[in-house]
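Grab a pencil and work through these exercises with the model open beside you. Try each task before you read its solution.

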Amino acid sequence: MASYDVIFIGGGPAGYVGAIRSAQLGLSVAVVEREGLGGTCVLWGCIPAKALLESASLATRISHGADFGVTAGDLKLDYGVAMKRSRAVSTQNSKGVEFLFKKNKITWIKGSGKITGKNAVTVKVDGKEEKHDAKKAIVISTGSRVKGLPQIGLELNKSTVISSDEALTLEKAPKTMAIVGAGAVGCEFADVFSAFGTQVTLIEALPGILPLEDADCSAELTRSFKKRKIDVLAAAKIGDVKVGKSSVSMSVEVGGKKQNLEVEKVLVAAGRAPNIDDIGIKEMGVQLTDRGFIKINERMETSVKGIYAIGDVAGPPMLAHKGEREGIVFAEFLTGQKHVHPVNYGNVPNATYCHPEVASIGMTEAQVKEKKIDYKVGKFPFSANGRARTSGETEGFVKIIRDTKYGEILGAHIIGAHATEIIHELAVARENEFTVEEVDLAIHAHPTLSEAIAEATLDSLGKVIHI
Amino acid sequence: MATKVVMEALSPTMEEGRLVKWNKNEGDQIKAGDVLAEVETDKAVMELVARGDGVLRKRLANEGDASPVGTLLAVIAAPDENIDSIVGSGGAAASTGAAQSAQAGGAAQSGSAPNQAVADTREAPAKSPVPQAPKQSQGEASTPPQQKAGGSSAPPSGPPPRPAAPRPPAAPPAPRGNGASHPAAATDGRRRSSPLARRLASDRGIQLGSIQGTGPGGRIVKRDIENAKAAGTAAGRSAAAERLATEGDFKDVALTQIRKTIAKRLTESNGPIPTFFLTAEFDATRAAEMRKQLAEMGDEYKASFNDIVIKAVALALGEHPEVNAHWLGDKIRQFNRIHVAMAVAIEDGLITPVLFDADRMTLWDISAKARDLAGRARERKLMPEEYTGSTFSVSNLGMFGIDQFTAIINPPEAGILAIGGVEEKPIVVDGQLEVRQRMRVTMSCDHRVIDGATGAKFLQTVRRYIENPLSLLI
């Protein structure tokens, strides 16, 4: 039994970042984590997926190498090698977090944690239980997991019906694959497997892929995917699922037309569920939201005093960077810092790392319309951007939605190469309440992709230069 | 069923009312017809009557707050009724109200806006319209920083400025730095605020200084502007005013409805500064005698008529704080300290060095300081802080043989006194013709701040000092 100020249950981005900030603020901190530090993000999500996407990107670019005067012999693709590299990157990142724990004197308790009383966390390690005392706070940062779609017969079996976890450890790319769910994860794996030669069918129940993004981005990505022979089926209904040992068959109905599909593997990329079981919250009486997440307030407090929740388990958007920020805000409120800036949930960037990348912040045009805000749209295509032309990545555009009267940036949507990198100019602008004019006033270097952002703001003002 | 108490149009022309006094407290049992509060309209103080029964659950406006017609002031409801939604929606209604009043404010300012550029280029470098003397302590809402941010007083490094105008206050008023186009930046330069918040505030006529920021480090952000209800803003403003007042350097006077109406109507009629003039002829015989005697005592006792007038004006200002004031658009700021500017002609224009705390200076202090300032002014060696920060001005063209003239107000000051030459004149005294030394003075008054009688009483006091000059030596 050991005593700490704060014990985090779960060492993903929310938990480990919250732990570091807590330690920086002078608290004694322990993190209960049964697997590796970094959580889903580092081990089974963001990081390894991006590593694979980099392989995919390289493959795509090399296949166009001749146009650039660079030919590197026959292109050979080996998913297994890409996968192993991706695992190595993951491990490296996880070790990085371990180092940060040592640096900040944070204790990693290896095992599964459970809240067993006020201030008490019991950790199961190799069948043995040890109890720890959390004097100031217990923080639930257990994250979320893929839940599969048993209601339509797609129960995860880890062989033919898999989640991203298995996809990340496949030794080779399958010949055919249906990806169910075209959110960020679905689109990214569609990109990866397509680049590695898999015939991918991307299936989405909602009317467009990346349904949370602006409809224009969704349409542009659909066009791009179709060009790369990814079969995109949106507004689709899956039925007649038959899961076999080496293949899965199903029917997919789009617009009243049914087609049959037989694939080697189905990757279920729809829906994640918060990890709320067996952590003692039911016993403690911690309230949930009607969507099954832990209910928290701006200080990350749950309905039970002394118990906090951050990250995916505390509700959407289920994004690593949202969880990280919640961890920081938790620590700052707990230690009574001055001027704690609460999480601005309206300004969390979305990023999808398929090619072309899609990134956004703020409201979509549909949301702005729904709110009956008077708005103007500015749009600038990368095909008119010098830097995009030099790299031959002219797909996509920047779209800025601004308030008509005050120029407030209501939403910004970028689809194109490096969209996830250049979106942050707009994140900073929005966080500081810069208007489109301040964004334009900042001189953008030439030639850069970011110029397209300045041009889009200008376009929203009716003053675009380069089109 | 809850009843919303709103600012009612108690007179046909009423656009906003000032809540003078609450007659009921939160928790009081209310019957329809009860007088809830007294409200000052543009014409009179009227009663605000309850339109429903219940308990006065929530008062949303504070005494002294001015609210546009339609603003939610209070909620009457059953003791256990949930009024959150009403109070919440009231916020929205109130912000609309704020927007309305903002437009009104914008309109009031717009009169001066077209002239601002003139004000800035011509005069601004020479003369910051706001006192900077108390610059050490007024905190974020104080005026000197505004000036700096407003750009109008960006102190020139190097030689003193070159005011091209014939007389410093010649330029039309720029009562709030660069004014209507960027009031937020101008009035609250050091208040941290987001560009969007500044735009919203500017559009809605909300003073950033009256708002508590909730962004990082107290930065004012969009939600703060949106939350700044009419009531909340007014409360913030009066709190700020109180805080400043306790510092003792000045007192802010909220504009009464009649004051607002006067300001609005007169501005419409008479340009941005509705000026009127009061002329008086003082007997300077005794002052002349005193001057002579002082001169005989030695050079160190010499004093000019100008020095005597400045001393008299300074003492009179002490008795008439309503004249020692600035017009700040949404309020009048009366200063407890007296900083008299004197116009000094220089080669290609003029400049107005300031005698700070002139009321506390002896006549000889004033004399020595005035000589020093005038000398250095002509050599263009004045520091910016030496010619900014006055609360009242005096201009003297007597030495050029001018009997009488009118000077132009140096905004945001409320008045300027123009001194003509002292000359011998035949005067009837007690039925006898006598030759006396006479001096004609003309005071230009900003009617928004100074009414005729106020100015006249001030001149009476000046006369008392000039005609009994020994009182200036005490």
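Two residues are in contact if their C-beta atoms, placed from the backbone, lie within 7 Å. Helices (H or I, at least four residues) and strands (E, at least two) are DSSP runs, numbered from the N terminus. This is a predicted model, where local features need pLDDT of at least 70 and side-chain atom pairs count only at pLDDT 80 or more, while totals for chains, interfaces and linings use all residues. Residues are numbered from 1 along each chain as its sequence is written, and chains are lettered from A and ligands numbered from 1 in the order in which they are written.

**Exercise 1.** Find out what covers the buried residues of helix 15 of chain A.

*Solution.* Start with the word "buried": 20 or more other C-beta atoms lie within 10 Å of the residue's own, with C-beta atoms placed from the backbone (exposed is 12 or fewer, partly exposed in between). Now go along helix 15 (residues 451-460) of chain A: 10 of its 10 residues are buried, so the rest of the structure largely encloses it. Among them are A:I453, A:L458 and A:D459. Next, look at the cover, which includes strand 20 (375-381), strand 21 (397-403), helix 12 (419-422), helix 13 (424-431) and helix 14 (436-441) of chain A. Finally, step past the end of the helix to A:G462, whose phi is positive, near 75°.

**Exercise 2.** Which strands stand at the edges of the open sheet in chain A?

*Solution.* First get the order: 5 strands of chain A run 18-19-22-21-20, with antiparallel pairing. Strand 18 (350-352) and strand 20 of chain A each have a single partner strand, so they stand at the edges and one side of each lacks a neighbour in the sheet. Two strands pair if DSSP finds at least two bridges between them. Check that on strand 18 and strand 19 (residues 357-362) of chain A, which pair over 3 bridges; A:T352, for one, has A:V358 as its bridge partner. Then look for helix 7 (residues 215-227) of chain A, which packs on the sheet and touches strands 19, 21 and 22 (409-416) of chain A.

**Exercise 3.** Which strands of chain B pair with strand 12 of chain B?

*Solution.* Take one side at a time. Strand 9 (residues 250-254) of chain B pairs with strand 12 of chain B in the antiparallel sense over 5 bridges, and B:A254 is partnered with B:K331. Strand 11 (residues 325-327) of chain B also pairs with strand 12 of chain B in the antiparallel sense, over 3 bridges; here B:H326 stands opposite B:R333. Strands 11 and 12 of chain B form a hairpin with 3 residues between them, and B:G329 in the turn has a positive phi of about 85°. As for burial, 4 of the 5 residues of strand 12 (residues 331-335) of chain B are buried, so this strand is largely enclosed by the rest of the structure.

**Exercise 4.** How many residues of chain B are in contact with chain A, and how do they divide by class?

*Solution.* Count the contacts first: 10 residues of chain B meet 9 residues of chain A. The largest share of chain B's side, 5 residues, comes from helix 5 (residues 195-204) of chain B. Then sort that side of chain B into 6 nonpolar, 2 polar and 2 charged residues. For the sorting, Ala, Val, Leu, Ile, Met, Phe, Trp, Tyr, Cys and Pro count as nonpolar, Asp, Glu, Lys and Arg as charged, and the others, Gly among them, as polar.

Methods. Axes fitted to C-alpha atoms, helices over the stretch in contact; angles between N-to-C directions.
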